[in-house]
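Open the model in your viewer and keep the selection panel at hand. The stops below are meant to be taken in order.

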There are 2 protein chains.
Amino acid sequence: MPQPGQRSTAGRDEILAAATDLFAESGYDAVSIQAIACRAGTSKANVFHHFRSKEALYLEVMRAACSRFAAASELADRGAEHRYTEGIVDFLRADFVQLRADPVHAHLILREVLESGPGRGQALARDVFDDHFRLVVDLFREGQAAGVLADDVVPEAAAVMMIAAGVFSFQSRHVLRHLPGVDFIDDVDRYGDTMGRILLNGMRARTRQPGQDES
Amino acid sequence: MPQPGQRSTAGRDEILAAATDLFAESGYDAVSIQAIACRAGTSKANVFHHFRSKEALYLEVMRAACSRFAAASELADRGAEHRYTEGIVDFLRADFVQLRADPVHAHLILREVLESGPGRGQALARDVFDDHFRLVVDLFREGQAAGVLADDVVPEAAAVMMIAAGVFSFQSRHVLRHLPGVDFIDDVDRYGDTMGRILLNGMRARTRQPGQDES
DNA sequence: CTGCGCCTTGACCGGACGGTCGGTCGGGGG
DNA sequence: CCCCCGACCGACCGTCCGGTCAAGGCGCAG
């Protein structure tokens with residue numbers, strides 16, 4: 001916060017960064033323009049000089065977050081290209097590190113996607129979510145076409161489960177971390193591989209038919 | 001809304017119900033006492049007559065939601081008691097129907113648990129989450145002790161994955177429902193059983209050793 | 001019928017909100 | 001050199017927030 005009489009050097013970028021942090025932390029309604037200006041080291045009026053309104057500022061924050069994650073998704077997809085089962089584990093790992101590498105933007109997008117009511121940036125966030133989902137579904141479909149994965153499993157269901165594993169472990173990491181026996185939650189190698197193994201074994205072609213239920 | 005001169009009959013319960021719906025829909029900050037009073041068909045002052053403050057009202061709402069879900073968890077646990085693998089599928093299904101049977105309270109609790117910042121009812125919500133988590137972990141441990149499930153999988157990791165499957169499919173149902181091929185998201189029989197099957201096959205004892213990586 | 005509590009009410013409060021405005025400042029171009 | 005323009009500021013506006021309060025109507029005991 002600048003002393004009275006001094007001028008700050010805070011421009012668009014500083015304001016945008018401050019807004020990103022605060023919005024991610026507490027959500028749209030709980031954050032005031034004053035708080036954003038204060039963290040950016042500038043005045044409230046200056047925020048309105050750079051952004052038309054609070055909603056416009058929020059939308060700008062969301063747009064940045066979305067473009068960042070869309071790019072990361074594409075990268076993960078290219079890395080896992082045409083390797084079927086191993087690609088699925090790689091993709092899961094990529095999800096893990098992606099979320100943890102940029103938890104602020106991740107939280108922003110996830111809140112917008114998973115909140116039920118009509119949100120301000122929902123359209124933006126859902127687009128990147130949809131793209132990601134389609135990528136995962138295609139991966140499972142490839143595995144089934146190659147005969148590696150059981151084809152009696154709806155690939156969309158498997159995709160939901162895989163994304164769930166990544167997203168939920170990220171969302172709930174602060175709760176789980178303090179539970180006994182759950183020190184693995186940020187360890188991509190330990191937890192991510194365990195998940196990948198379970199998911200892959202569970203879907204492997206012809207391992208077991210439904211209907212059997214004896215131990 | 002009552003006409004001027006008329007009196008409303010809205011008591012504690014109506015106000016609590018209105019507050020529950022609105023808080024679940026939009027979160028604490030986005031809901032005003034006026035809005036709650038209006039939906040309950042009474043005046044703002046009357047809300048303060050029945051509840052000390054906005055926070056006290058919110059806490060009451062959270063307490064009701066938590067006790068409801070704690071009871072449901074216990075019920076599901078007793079229903080699945082001592083049946084190991086089949087019990088796990090039953091528990092997963094119970095989670096599914098529990099969340100979908102009371103989506104309003106479910107959303108309230110989940111938001112409080114999964115939000116990172118210090119929330120108002122976080123302590124309450126995390127308690128029921130912890131209890132639920134411990135129940136699932138115990139279930140997996142029993143399965144391992146009985147030799148049905150692979151004992152080289154950390155039971156806590158499996159529990160995270162199972163709860164993730166249930167919670168995430170519930171959280172994201174509004175997004176997923178409109179995606180092609182994802183019409184199963186509210187179908188407990190179809191999606192729940194698929195998930196249970198994948199999870200169970202993936203964890204079955206001695207199906208495969210880690211280290212193998214051929215398709 | 002009278003008097004007495006208990007609800008419920010509209011009016012009201014201080015304060016914080018999103019947003020506007022007049023004006024100051026400093027650096028780059030004629 | 002000056003002047004112009006975008007960045008920036010303090011002060012301010014109307015609104016709405018959470019919360020308070022005195023007054024009035026209703027049910028009930030006497």
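The tour goes from a pocket to one of its residues and then to a helix.

This is a predicted model, in which local features need pLDDT of at least 70 and side-chain atom pairs count only at pLDDT 80 or more, while totals for chains, interfaces and linings use all residues. Residues are numbered from 1 along each chain as its sequence is written, chains are lettered from A in the order in which they are written, and side-chain values use heavy atoms, without hydrogens and water.

Helices α1 (12-26) and α6 (103-114) of chain A, and α1 (12-26) and α6 (103-114) of chain B, each give two or more residues to the lining. By type, the lining has eight nonpolar, eleven polar and twelve charged residues.

**A:R111.** Next, select A:R111, in helix α6 of chain A. Is A:R111 buried or exposed? A:R111 is buried, because its relative accessibility is 16% (buried means under 20%, exposed over 50%). Show what surrounds A:R111: beyond neighbours within four places in sequence, its contacts (heavy atoms within 4.5 Å) are A:F23, A:A24, A:E25, A:S26, A:G27 and B:E115. A polar atom of the A:R111 side chain lies 2.9 Å from the backbone oxygen of A:A24.

**Helix α7 of chain B.** Finally, select residues 122-145 of chain B, the 24 residues of helix α7. After α7(B) comes B:G147, with a positive phi near 80°.

Conventions: Helix = DSSP H or I, 4+ residues; strand = E, 2+ residues; numbered from the N terminus. Nonpolar A, V, L, I, M, F, W, Y, C, P; charged D, E, K, R; others polar. Buried < 20%, exposed > 50% of the residue type's maximum accessible area, 1.4 Å probe, protein only. Polar contact = N/O pair within 3.5 Å; in protein donor to acceptor, adjacent residues only side chain to side chain. Expected span 1.5 Å × (residues − 1).
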